[in-house]
Amino acid sequence: MEADTTGEPNTIEVLPQHRFDSRSLEAYLTQHLPGFGAQSEMTLTIKQYRSGQSNPTFYLQKGFQVYVLRKKPPGSLLPKAHKIDREFKVQKALFSIGFPVPKPLLYCTDVSVIGTEFYIMEHVRGRIFRDFTIPEVSPVERSALYVAMIETLARLHSLNVQSLELKGYGRSAGYCKRQVSTWTKQYEAAAHQDIPAMKELAAWLIKHLPDNDNEENLVHGDFRLDNIVFHPTEARVLAVLDWELSTIGHPLLDLAGLSLFYFWPRTVPMINRGSLIQDSIGIPSMEELISIYCRCRGITPVLPNWNFFLALSYFKLAGIAQGVYSRYLLGNNSSQDSFLFANIVQPLAETGLQLSKRTFDFNTTLPQVDSTRHLFVQTRKGQEVLTKVKHFMKQHIFPAEKEVFDYYVQNENSEEKWRKPSVIDKLKEMAKAEGLWNLFLPAVSGLSQVDYALIAEETGKCFFAPDVFNCQAPDTGNMEVLHLYGSQEQKQQWLEPLLQGDIASAFCMTEPDVASSDATNIECSIQRDGDSYVVNGKKWWSSGAGNPKCKIAIVLGRTETTSRSRHRQHSMILVPISTPGVKIIRPLSVFGYMDHIHGGHFEIHFNQVRVPTSNLILGEGRGFEISQGRLGPGRIHHCMRTIGLAERALQIMCERAAQREAFKKKLYEHEVVAHWIAESRIAIEEIRLLTLKAAHSIDTLGSAGARKEIAMIKVAAPRAVCKIVDRAIQVCGGAGVSQDYPLANMYALTRTLRLADGPDEVHLSAVAKMELWEQAQRLRGKL
């Protein structure tokens, strides 16, 4: 049989039993598949993938267009087998939320085209490893590839089945029992000889079904290394293939299916004729993979009935092997080496029986973390969301950084610079579909401030990530104001579209003509006039106003009041940006940066701006009360994200120090650079702990009770991170202040935080005042 000449690995000429009318296929695709006929003069080339054992899979190429076709095998088929319509359905659902699968393009039910139903999907270019020991890479990369694979499985099992809209895709209750029954029937229908071990294993499985046989997760059914497409050069999963056996059920069967190769009988050739993974250096142990999987999912690594799932995996694989050999006998096999499967059914069943008798004590191999030793513990939900956010960042946000950066460079002198690149809108849709939306607001997300602290740290590693999750300033603070203090009418008109991400907002407090660090100086007036308020004044550093989606501003101004208290003379009011008299004067640069991604920072003038009295928030004279409620969580959110930024800066510093040489040695070998790295790590750990303490105080005492911790971290975090970024710049030299690195922008943003939401000096004075009061109380207590 001739091998491939198209350049696509692991393909051959189409097997005789799988040949079909290529002209009919070409005519159908030209009519129904957009873009297929773009190069009508080019010849359609069809090759068959060598590895498919179930549904035949084909590589299609027409000019520069490349696709993959999957179809049912011809001839008589086992009942409930080869349901390629289910493959197409689940891939479509997963692709819509950004899970790594090939994009499904077209499903054809017309069997007259090529003899069976089929579907077309995009071709994903990358690496597929047939030998599970991956001998062609280094042990370090081998380990990284396995970790990426197990993290992807954990991500799959963490998906919300309801949000995938896979109604009727499978029943969760009784999944394990159905699996035993299904594979028993499949085996019996395909058996060519009597194998007592299969009958004995089937009987044992049906007697030892797990008690919790009602897990509701999307399971792949055949999740293993050779069903994954990895990035051409990175240890990153681009696509998971072969969803034929996917359904709703117990996730541990997928995990066991991946783990069964650790127990592969030495008398049986490995699948794809590879080497035994037990003999390979760099592949994580089964216990290590399970530990990573459980950590990613936020579940305990104590797995009850693990012997059952391993035994069931071997029973299932033996049934599949029997089916492959049966199709060989019928002459409709998908692979040339299908005849080899006749001799492996019995040893697989015997291995399953041996595993059924084993016990696995994960309490010793995978020690539990004692959460009582942790100062600040995330909730179970917080752990799960953090895992999802990390996956989303790794799979989607970090790879999009260059595209976003290039957009703003290309549109620097265009009005388009205030818009968001389309990739961000796409990422937002994906994040929303995965439930990674409005994570900052406990009433909506169900997360604690401690939960969100670690999530926000992760998003702080990329300058546009908070926006993707609808967790960007100033919208977060404005949404908190409306949630806590807004009327029902205000919530319906403004909060709901903000939560949906349909509109954006601005916050107008700081003024150019007064020292706004003392907020009682604010002069902008809000005067009652019948059933309206009239706003007059100048504001600047109004963040977000340049965003074309910005529709509403919250304005702090002075109202007429009889109160003598300096802190009861200001109010907050909602002002639609389109109101007559609102004039956006100019954008303000931050160390020369316009901060387009966040909608910029603008000077805005209000000249006789009239809005209804119903736009006043909470009431006259309540502005400072609202400010404290708003700024508490807002200030700590900045600090949380800044820690992520510091981690990124330290990573850049270390990479540069390891790459560059000066005076005949690596930069990190110079003691001063080594000390900078050490001091930066110490500083990050210190400010993370203080941030978590502040978050914990908000969770337990409220924003008012956490004022001291919030003020402390608001000073400590920007100061420490400024030093870390400055060290990274110094290590990178001239490159550090250029556009080739993000460090200059990082420094500008972090240095600005020492002014935003109150300068360091105001917070230091507040901390000193509270500390002196507390010391005085202790002294009185002693006296």
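In the protein, residues 24 or more positions apart account for 74% of the contacts that have a separation of 6 or more. The model described here is a predicted one, and its secondary structure comprises 22 helices and 20 strands. For 783 residues, a compact globule would have a radius of gyration near 28 Å, and the 31 Å of the protein agrees with this expectation. The C-alpha trace spans about 95 × 70 × 65 Å along the principal axes. Of the 783 residues, 56% count as buried, while the protein exposes about 34,800 Å², of which carbon and sulfur atoms supply 51%. The charged side chains number 88 positive and 84 negative, and the centres of these two sets lie 2 Å apart.

Gln395 is found in helix α11, which runs over residues 380-410. Because its relative accessibility is 13%, and the limit for burial is under 20%, Gln395 counts as buried. Leaving aside neighbours within four places in sequence, Gln395 is in contact with Arg155, Arg236 and Val237. Gln395 and Arg236 are 159 residues apart in sequence, and their C-alpha atoms are 7.7 Å apart in space. Burial can also be followed along a whole element, as in helix α6 (residues 252-259), which is mostly covered, with 8 of its 8 residues buried. The buried residues of α6 are Leu252, Leu253, Asp254, Leu255, Ala256, Gly257, Leu258 and Ser259, a set that includes Asp254 and Ser259 as well as Leu252 and Leu253.

Several features of the backbone are found in loops. The peptide bond from Ala473 to Pro474 is cis, with omega near 0 degrees, and Pro474 has its place in the loop between α15 (465-468) and α16 (475-485). Asp242, although it is not a glycine, has a positive phi of about 60 degrees; this residue is found in the loop between β9 (237-240) and β10 (247-249). A positive phi also occurs at Phe663, where the value is near 55 degrees in a residue other than glycine. Phe663 lies in the loop between β19 (661-662) and β20 (665-666). With a relative accessibility of 78%, Phe663 counts as exposed, since the term applies to residues over 50%.

Lys665, found in strand β20, has a relative accessibility of 33% and therefore counts as partly exposed. When residues up to four places away in sequence are not counted, Lys665 touches Arg660 and His670. Lys665 and Ala38 are 627 residues apart in sequence, and the separation of their C-alpha atoms in space is 56 Å.

Towards the other end of the numbering, Thr30 has its place in helix α1, which comprises residues 22-32. Thr30 is partly exposed, with a relative accessible area of 45%, a value that falls in between the limits of under 20% for buried and over 50% for exposed residues. Its contacts, leaving aside neighbours within four places in sequence, are with Phe36 and Gly37. The C-alpha atoms of Thr30 and Ser40, which are 10 residues apart along the chain, are separated by 8.5 Å.

Key:
Residues numbered from 1 in each chain as written. Predicted model: local features only at pLDDT ≥ 70, side-chain atom pairs only at ≥ 80, totals over all residues. Heavy atoms only, no water. Helix = DSSP H or I, 4+ residues; strand = E, 2+ residues; numbered from the N terminus. Rg over C-alpha atoms; globule rule 2.2 N^0.38 Å. Buried < 20%, exposed > 50% of the residue type's maximum accessible area, 1.4 Å probe, protein only. Contact = heavy atoms within 4.5 Å. Areas by Shrake-Rupley, 256 points an atom, 1.4 Å probe, with all protein chains shown as cover. Lys, Arg positive; Asp, Glu negative; His and termini not counted. Charge placed at Lys NZ, Arg CZ, Asp CG, Glu CD.
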